[in-house]
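Okay everyone, thanks for coming.

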Amino acid sequence: MKYLIVGGVAGGATVAARLRRNDEDAKIILFERGEYVSYANCGLPYYIGDVIKERENLFVQTVGGFSTRYNLDIRIKSEVESIDTEKRLVHVYNIEKGVRYTESYDKLILSPGAEPIKPKIEGINHPNIFTLRNVPDTDRIKKIVTVRNIEKAVVVGAGFIGLEMAENLHHLGIKVDIVEMADQVMSHLDFSMATIIHSELRTKGISLNLNDGVARFDNKEGKVGVVLKSGKELEADIVIWSIGVKPETKLAREAQLEIGTTGGIKVNDYMQTSDEHIYALGDAVEVIHTVLNKPSLIPLAGPANKQGRIVADNIVYGNSSKYEGSIGTGIAKVFDLTIASTGASGRWLKKEGIEYIASYTHSSSHAGYYPNALPLSVKIQFSPKDGRLYGAQVVGFDGVDKRIEMLAQVVKAKGSIYDLMELEHAYAPPYSSAKDPVNMAGFVADNILKGRMKIISWRDVVKADREKVLLLDVRTPEEYKLGAIDGSVNIPVDELRKRVNEIPKDKQIIIYCAVGLRGYVAYRILLKRGFENIANLSGGYKTYSIATEDASVEQYFAGRIGSDDLLIDQEREVAITVDAVGLQCPGPIIQLKDSYGNIEKGELLEIKTTDQTFGKDVASWCNVVGAKLISLESARGVITALIEKGEPASCGVTASPLTDNKTLVLFSDDFDKAMAAFVIANGAASMGKKVSLFFTFWGLNIIKKKGTSSLKLSKKNMLGLGTRFVKSTMRKKNIDSLESLIEQARRNGVEFIACKMSMDMMGIKEEELIDGIIYAGVATYLERSEEANMSMFI
Ligand code: FAD
């Protein structure tokens with residue numbers, strides 16, 4: 001028998017080796033357009049980034065070694081140009097010799113791979129714009145980053161390859177900008193999981209330009225001008241173009257082989273094309289996505305290798321091995337994070353009209369009490385009818401690979417969330433918890449499916465009509481103070497039974513805690529007490545804040561981390577090192593507070609934690625206590641903050657540096673009290689002080705658009721007579737009216753803050769209040785008062 005193989009890397013090389021093992025006598029010719037066969041294209045970005053040091057390590061086999069071991073006729077620099085299916089011939093072009101010839105076959109195998117998508121964009125052929133597919137591409141990029149002094153790179157497209165290149169270029173000390181058309185990186189993930197990657201990228205100093213595409217490239221004296229559709233202009237020494245790949249199907253199309261709906265070569269279960277003598281595999285073919293049950297392109301090395309074995313077996317033994325389709329399980333490293341997914345994401349399911357429930361769980365990579373437990377976030381999508389697991393996404397710093405593999409086996413076997421509960425795992429504290437994060441995902445899903453807990457997604461919380469819901473934060477006051485959903489009310493879960501009468505029954509109650517567990521406890525407490533319209537926020541505040549925060553990690557830490565111009569003073573000694581690794585919020589902050597009390601002003605404290613919200617919390621905490629956040633770094637999921645003690649503590653911690661600002665809380669809508677407040681506010685403002693007025697509860701009536709005419713004196717109102725008398729006396733004595741005082745205050749730059757929580761509770765809408773109001777929570781008031789030397793409650 002004579003077998004011809006087109007393509008000599010992942011799929012082609014696998015078929016060749018297996019064919020030989022199956023058939024010692026066959027003639028096997030392998031054509032490869034390039035110079036190399038059987039190399040590790042998955043390793044190429046890491047060689048560019050100097051992580052893989054030796055070029056030869058990329059080559060799994062050399063042409064010589066591979067030919068000898070398997071008795072193959074390997075013809076490199078040989079392009080198969082066309083196929084004559086009638087005569088069973090291929091036309092080959094020997095690129096080196098410039099010679100064309102034909103070769104006959106009994107069976108032909110196509111594994112030509114996929115090529116980078118390169119649309120026609122002005123300037124895209126600039127010599128410093130690169131794509132990365134093979135060894136020559138790698139050599140070109142490696143050469144320019146080695147030989148020339150490359151300072152800036154732009155990576156266009158934030159899929160696997162784009163992000164791996166961003167990381168590796170950054171590793172070489174190059175400043176990297178990513179440009180991505182979508183609103184997130186890695187479009188196969190759901191937004192809420194991708195945002196974790198956004199944070200990681202920004203923390204590492206990668207600049208992310210989302211929702212933006214390239215309009216054109218300019219040649220700027222050797223550099224590349226990258227003009228974005230938004231009008232923004234970037235300049236780079238090199239550009240990596242990686243917006244995706246498309247199956248290489250030219251040969252197949254011209255040979256009239258059937259092409260599928262996705263644009264890949266159509267094959268049957270045996271990987272046989274529409275021509276019975278031709279098999280195809282790898283990135284060039286479409287396969288069935290077994291969750292969506294439809295053809296799909298899955299350009300990954302695993303499927304290509306597995307298909308290679310099947311193709312060789314079917315060719316030699318007759319069609320007996322079936323390729324059962326793929327669920328697209330993939331994994332990638334993005335700096336310290338590992339991101340993995342399997343099956344169908346929420347977005348895909350929605351697009352396909354498949355009903356699903358999504359649930360988030362945040363656990364640790366192993367038992368929290370054993371050192372170096374790191375956060376691990378799991379999102380699963382499953383059927384509301386029978387719990388079939390459609391897909392999962394896992395993001396974390398350690399143990400992501402094994403979790404996705406556990407989940408993938410269940411998805412692949414068409415299992416359900418009940419299987420996740422049952423999955424048996426090997427447990428000892430350094431490796432997992434007695435209930436593995438995958439089991440936990442199953443338990444939570446079980447509670448949801450059995451109706452023990454209704455969940456609400458972060459998206460629905462964002463959309464919720466705040467007039468009709470009460471957002472109940474059941475975390476501790478310390479956690480609440482460090483960041484909460486706007487307008488939420490804090491009743492810690494342990495106080496809930498006592499304070500249940502504070503919760504209205506005529507509103508929907510959306511409960512949330514840090515990750516969902518205390519929320520579930522609170523849910524059960526309220527359910528037992530007759531609350532029916534309740535829901536627990538899936539994934540808790542962690543998921544909500546990751547998914548909704550505009551502010552990048554870079555912004556949180558602006559001026560403190562991520563910029564090389566703010567290096568830690570290596571000479572200074574650290575007075576106390578606090579190990580808060582493994583503790584969940586607010587544990588690290590509490591430990592910080594306790595240890596901070598034991599150092600002197602000007603001394604340094606270093607704290608290490610794996611709580612990923614700590615970065616933001618510590619920045620706020622330092623602002624509040626007057627400490628200086630010297631640096632904040634994240635490596636392999638461990639956040640290290642270096643803090644310098646500020647002014648001595650006044651109440652256990654430290655006092656913030658006082659400024660001359662004034663804050664007034666207006667709780668009452670009594671006419672005389674409002675007058676007094678505005679007289680003081682205007683007086684202070686006229687002396688150049690920054691004044692903030694915080695209107696809460698009845699105080700909100702003072703700033704309603706309908707005016708202040710209905711306000712009454714706190715005493716001697718006498719059915720309105722007293723108020724009328726005071727107002728007429730004011731007119732006679734030329735005292736400004738309340739309206740005029742309010743107007744003056746606005747002109748004087750007095751800040752008007754309306755308490756969102758009181759508005760929600762009292763059913764007051766934003767439209768009812770005068771313009772120019774800041775709508776905020778108590779945290780904003782507290783922050784203002786920290787900067788003030790006068791706070792009055794009226
Ligand atoms: P390829 O391995 O691409 O081989 C196709 C070969 O066919 C090419 O060498 C080409 O020159 C040759 N060829 C094409 N047409 C002809 C012709 N007419 N005549 C002769 N020769 C021809 N996948 C993962 O699962 N994990 C990863 O981490 C990962 N990382 C990657 C990183 C990079 C930079 C790249 C480029 C890919 C990565 N992949 C990864 C994808 C993975 O490499 C592919 O899915 C896999 O190689 C596909 O195998 P294939 O045989 O279909 O195509």
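Let's begin with Cys622, which is buried, with a relative accessible area of 1%. Keep in mind that this is a predicted model. Cys513 is buried too, at 1% relative accessibility. And how many disulfides does the count come to? It comes to 0.

Now over to the strands. Take E31, which covers residues 534–537 and has both of its faces covered. On one side you've got Ile534 and Asn536, on the other Ala535 and Leu537, and all of these are buried.

Which strands pair with E31? One is E27, residues 455–456, which runs parallel to E31 and is joined to it by 2 bridges. In that pairing, Ile456 stands opposite Leu537. Another is E30, residues 508–512, also in the parallel sense, this time over 3 bridges. There, Ile510 is the residue opposite Ala535 in E31. If you trace the chain here, E30, helix H15 (residues 517–528) and E31 make up a β-α-β unit, and that unit is right-handed.

Okay, on to the rings. The count of aromatic pairs comes to 11. One of them is Phe66 with Tyr70: the ring centres are 5.6 Å apart and the planes sit at 80 degrees, so we call that edge-to-face. Both residues are in helix H3, residues 63–70, and they're 4 residues apart, which is about one turn of the helix. Buried or exposed, these two? Phe66 is buried, and Tyr70 is as well.

Then there's Phe667 with Phe697, a tilted pair, at 5.8 Å centre to centre with 55 degrees between the planes. Phe667 is in the loop between strand E36 and helix H20, while Phe697 is in the loop between strand E37 and helix H21, so this pair ties together parts that are 30 residues apart in sequence. As for accessibility, Phe667 is partly exposed, with a relative accessible area of 33%, and Phe697 is partly exposed at 25%.

Rings can also link up into a cluster, and here that's Tyr36, Tyr39 and Phe59.

Last topic: charges over rings. Lys142 lies over the face of Tyr47, 4.6 Å from the ring centre. Over at Tyr596, the charged end of Lys645 sits over the ring, 4.9 Å from its centre.

That's what I wanted to show you, thanks.

Key:
Residues numbered from 1 in each chain as written. Predicted model: local features only at pLDDT ≥ 70, side-chain atom pairs only at ≥ 80, totals over all residues. Heavy atoms only, no water. Disulfide = S-S within 2.5 Å. Buried < 20%, exposed > 50% of the residue type's maximum accessible area, 1.4 Å probe, protein only. Pairing = 2+ DSSP bridges. Right-handed = clockwise from strand over helix to strand, strands pointing away. Phe/Tyr/Trp six-rings, centres within 6.5 Å; stacked < 30°, edge-to-face > 60°. Lys NZ or Arg CZ within 6 Å of the ring centre and 35° of its normal.
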